[in-house]
Amino acid sequence: MTNTQVTLSGLTLSNPVIPASGTFGYGYEFAEIYDINCLGSFSFKGTTREPRFGNEPPRIAETASGMLNAVGLQNPGIDKVISEELPKLRKVFRKPVVANISGFSIDEYAECCERIDKEEGVGLIEVNISCPNVHCGGMSFGTSPESAAEVTRAVKAVTSKPVYMKLSPNVTDIAAIAKACEDAGADGVSLINTLMGMRIDLRHRAPVLRNVTGGLSGPAVFPVALRMVWQVYEAVRIPIIGMGGVACAEDVIEMMLAGATAVEVGAANLVDPFASKKIVEELPRVMERLHIENLTDIIGGAHHG
Amino acid sequence: MYNVDFKIISNRKIAKNTFEMTLSGDTRGIAPGQFVNLKLDGFYLRRPISVCDYTPDTLTLIYKVVGHGTEAMSKMAPGETLDALTGLGNGYDTSRSGDRPLLIGGGAGVPPMYVLAKKLLAEGKKSTAILGFNSADEAFYEAEFKALGCETYVTTADGSYGIRGFVTDAMDLDYTYFYTCGPEPMLRAVYNKSVTSGQFSFEERMGCGFGACMGCTCKTKYGHKRICKDGPVLTREEIVW
Ligand SMILES: Cc1cc2nc3c(=O)[nH]c(=O)nc-3n(C[C@H](O)[C@H](O)[C@H](O)COP(=O)(O)OP(=O)(O)OC[C@H]3O[C@@H](n4cnc5c(N)ncnc54)[C@H](O)[C@@H]3O)c2cc1C
Ligand SMILES: Cc1cc2nc3c(=O)[nH]c(=O)nc-3n(C[C@H](O)[C@H](O)[C@H](O)COP(=O)(O)O)c2cc1C
Ligand code: FES
């Protein structure tokens with residue numbers, strides 16, 4: 001028998017597979033085609049204080065083995081998320097959900113996290129300080145250890161649930177930022193958000209994305225994400241949720257060997273709406289083949305000495 | 001939404017850079033005005049293509065070769081399989097059509113008008129069709145629309161076939177309602193020229209095609225809508241250009 005259970009700061013998940021924020025909406029589209037309670041959890045769309053339209057279209061571009069998005073945190077705002085989306089979500093998902101929160105000021109992060117912390121169905125708060133698609137906010141908090149720590153402290157002061165800081169790969173030293181979050185009291189870190197990139201339309205001789213740049217995700221980023229999870233694992237003691245290009249059960253194992261306790265699956269859900277379910281189902285078979293009995297045993301298992 | 005493995009029955013060129021692909025597979029849940037999202041080998045994102053026609057177990061698509069993905073599609077052979085997500089989008093509402101609907105399709109926007117004409121016909125409404133193309137060699141499906149009994153006008157921008165000009169140059173007709181699909185400049189021109197209400201089919205770059213990623217959202221008078229899920233069909237009253 002294989003055991004796929006993992007525990008994130010006291011929150012036990014039946015398996016480590018978590019659809020990533022922004023690629024799973026509030027779960028409904030997927031709940032129409034499969035029972036999403038098979039998932040470890042899922043991280044809902046990044047939520048801000050005010051409702052946001054996001055960036056003008058086009059917001060999506062294709063790349064080799066991946067995609068760019070410049071959605072820019074479109075969401076209905078925290079009030080509606082609490083009053084409408086969460087009650088609706090509870091009907092299709094019975095497990096604790098990961099609440100993904102974004103902001104444009106320290107106050108906004110603190111206010112949104114404080115409010116979402118009180119919601120019963122929320123198991124963990126993922127604080128996005130790494131969105132590359134908004135200006136004056138988002139990623140600007142996640143690119144220096146000082147501001148990352150400042151957001152962490154502000155959020156920790158007003159919450160009781162585990163707080164995971166979601167880190168940007170668009171930095172020179174992600175381990176230093178993870179360490180700063182840990183020192184400021186973060187319960188864990190989530191990484192990576194998307195890598196900044198762009199495409200140019202040859203016929204129009206202009207960027208494909210109206211926002212010019214977008215965030216790269218999908219299998220193209222997997223080795224970069226894995227390397228960063230590895231480096232952060234060496235730098236901190238708090239749990240890591242690893243993500244970036246995960247597309248199959250083997251990728252989950254690889255992320256965990258690098259140091260992740262749980263794994264998020266993003267873009268893969270968009271091209272194959274059954275991707276996360278398939279990974280959950282494949283996982284025990286792949287574990288058996290690799291002679292893994294307890295998944296927790298392999299966390300950081302590729303680090304020796 | 002369903003995920004269906006279709007088998008290609010035929011894939012033939014019907015006009016310059018334009019192919020008609022017929023597939024066999026389960027078409028449950030498909031409706032006129034909807035689209036399918038196709039997984040192509042070697043491409044990360046799926047390709048959205050409108051439903052042109054269907055029976056319970058066949059699906060017809062018409063696509064224009066514009067890039068590497070559609071080029072790869074044009075090289076696919078009968079017998080090969082194609083992974084599609086089906087039943088995507090809201091589709092056309094035929095309850096508002098009145099008894100003399102006008103269908104206006106431009107280029108790659110012609111295909112969804114065909115299955116719509118069939119549905120309207122089944123409801124006892126005979127539609128008039130205007131099919132717009134750049135030139136004679138790009139024109140297709142005039143005979144198919146006529147075979148349905150639709151009064152059919154073809155326009156070409158260069159005048160090499162039918163009425164010289166744009167679809168709007170053929171719009172001085174008597175109609176109760178209209179449906180249109182085509183490039184955005186054409187949709188705008190139709191919007192300005194039309195004298196009744198109508199429904200417009202839009203295109204946007206898509207991440208998922210089923211409402212999960214917010215990649216395709218546009219602003220409407222009734223709030224933000226995802227072209228893939230709350231569209232691709234929007235009514236005249238809600239459009240914000
Ligand atoms: C709802 C909907 C219905 C459509 N129906 C049809 C149809 O019936 N027949 C037809 O010929 N075309 C249709 N299109 C356009 C068709 O999707 C594009 O021509 C096709 O995706 C181009 O792929 P490519 O690899 O050849 O081009 P590339 O330019 O290489 O594609 C690169 C990326 O951009 C996307 N893209 C490029 N052009 C468009 C476009 N116009 N709209 C949306 N995404 C685009 C591609 O999907 C891909 O992700 C439809 C588009 C939408 C949104
Ligand atoms: C369309 C899209 C929207 C996203 N929106 C968010 C978001 O709102 N908040 C967030 O923290 N991350 C967001 N992300 C980032 C993902 O959660 C994830 O970190 C990233 O895509 C890497 O994983 P992947 O390669 O598996 O997609 C988004 C990604 C995509 C593709
Ligand atoms: S393409 Fe993903 S929501 Fe429309």
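I count a residue as near a molecule or strand if one of its heavy atoms lies within 4 Å of it.

**Entry: ground rules.** I am reading a predicted model, where local features need pLDDT of at least 70, side-chain atom pairs count only at pLDDT 80 or more, and totals for chains, interfaces and linings use all residues. Residues are numbered from 1 along each chain as its sequence is written, chains are lettered from A and ligands numbered from 1 in the order in which they are written, and side-chain values use heavy atoms, with hydrogens and water left out.

**Entry: ligand 1.** I looked up its place first. Ligand 1 sits between chains A and B. I found 21 residues around ligand 1. B:Pro48, B:Lys64, B:Thr70, B:Glu203 and B:Arg205 come nearest.

**Entry: the shell.** I sorted the shell by class. Nine residues are nonpolar, five polar and seven charged. Here Ala, Val, Leu, Ile, Met, Phe, Trp, Tyr, Cys and Pro are nonpolar, Asp, Glu, Lys and Arg charged, and the others, Gly among them, polar.

**Entry: backbone contacts.** I checked polar contacts, pairs of N or O atoms within 3.5 Å. A backbone N or O atom of B:Pro48 is 2.6 Å from an oxygen atom of ligand 1. For B:Lys64, a polar backbone atom lies 2.7 Å from a ligand 1 oxygen atom. For B:Gly69, the distance from a backbone N or O atom to an oxygen atom of ligand 1 is 2.8 Å.

**Entry: domains.** Why does ligand 1 lie between two domains of chain B? Domain 1 (2-88) and domain 2 (94-238) both give residues to its shell, so ligand 1 lies between them. The bounds come from an automatic or database domain assignment.

How values were computed
A polar contact is a pair of N or O atoms within 3.5 Å; within protein, one must be able to donate a hydrogen and the other to accept it, and residues adjacent in sequence count only if both atoms are side-chain atoms.
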